[in-house]
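Biologist: Could you walk me through this one slowly? I would like to know what stands behind each word you use.

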Number of protein chains: 2
Amino acid sequence: MRPLVHPSIEDVTVEGILHAMSDPVRAQIYIQLAGAECAANCSNFLQVSDKAIPKSTLSQHFRALREAGLVRSERQGVEVKNTTRCEEINGRFPGLLEAIVKAHQAQFAQRLCAASKASVPPPS
Amino acid sequence: MRPLVHPSIEDVTVEGILHAMSDPVRAQIYIQLAGAECAANCSNFLQVSDKAIPKSTLSQHFRALREAGLVRSERQGVEVKNTTRCEEINGRFPGLLEAIVKAHQAQFAQRLCAASKASVPPPS
DNA sequence: CCCATAGTTCGTAACTTATGAACTATGGAA
DNA sequence: TTCCATAGTTCATAAGTTACGAACTATGGG
């Protein structure tokens, strides 16, 4: 089993970050990691917004996040602990991650709002 | 030939924007459009950062930008004029496009800088 | 040593993207 | 009109990417 590979911060690209964050499952994972107090292991995400994610798929998503430079993964015993590399990325691309996370959250809020309106028929 | 389709602003998604902007050619096109004073036609981009783009590919890139909601395309005679929808998008996702464009530009500047250092050997 | 847990890798089917060739639309010239 | 050039789209297909079940690997107990 090959070791977990992380790009050095100079090799992290905007394209890579945007691509990684353009997948809703990965974006959700990243946002939860960013909001978490401590490192999370992969299995914490076998369930993402009501959707079951097969573990091979999850493993690939973590690899994508790792190779884009968004997360750092470290073996700890039988588990892999994941943390974001947001500080490094902020150093290189200030404001980028914050804007992306904020936009994802705004969209989530807008969807919730739209759904609640849909369930209450409009005044005729 | 089917007419040019644009999503309404409520149907524009963060995922879609990120995915569209994660391609370097599309990002370059978007950034140039955003900086342009007037609408540009597609053929202005048959050449993007020293790389020739086949016109069928270019057409697909414009379609991707259009369907992600990033640009508006309008037929004007034999040409198609393209403009960004940045104001609408800023209304829905404030700061997102600005951060992405800024990051792409920062990366471009960093690459230029790295290249100029590489051509001058380090002091031994 | 064996098992359970956590995750990775592999193989393949499904999807996406790039591009040449053929097509369509528009506007002007003959 | 008819013909042609220009600008772009669409189609077919080859190449690349992604999803996920099955098989595998690594680690830490009993």
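Predicted model: local features only at pLDDT ≥ 70, side-chain atom pairs only at ≥ 80, totals over all residues.

Modeller: Gladly! Residues are numbered from 1 along each chain as its sequence is written, while chains are lettered from A and ligands numbered from 1 in the order in which they are written.

Biologist: What makes B:Ile17 a contact partner of B:Leu96?

Modeller: Two residues are in contact if their C-beta atoms, placed from the backbone, lie within 7 Å. B:Leu96 meets that cut-off with B:Ile17, therefore we call them a contact. Leaving aside neighbours within four places in sequence, B:Ile17 also touches B:Val12, B:Ala68 and B:Leu70.

Biologist: How many residues of chain A are in contact with chain B?

Modeller: 18 residues of chain A are in contact with 18 of chain B. On the chain A side, H5(A) gives the most, with eight residues.

Biologist: Why is the set of 44 residues called a nonpolar core?

Modeller: Because its members are buried (20 or more other C-beta atoms within 10 Å of their own) Ala, Val, Leu, Ile, Met, Phe, Trp, Tyr or Cys residues, joined through C-beta atoms within 7 Å. Those with the most contacts inside this largest core are A:Ile17, A:Leu96, B:Ile17 and B:Leu96.

Terms used:
Helix = DSSP H or I, 4+ residues; strand = E, 2+ residues; numbered from the N terminus. Buried ≥ 20, exposed ≤ 12 C-beta atoms within 10 Å, placed from the backbone.
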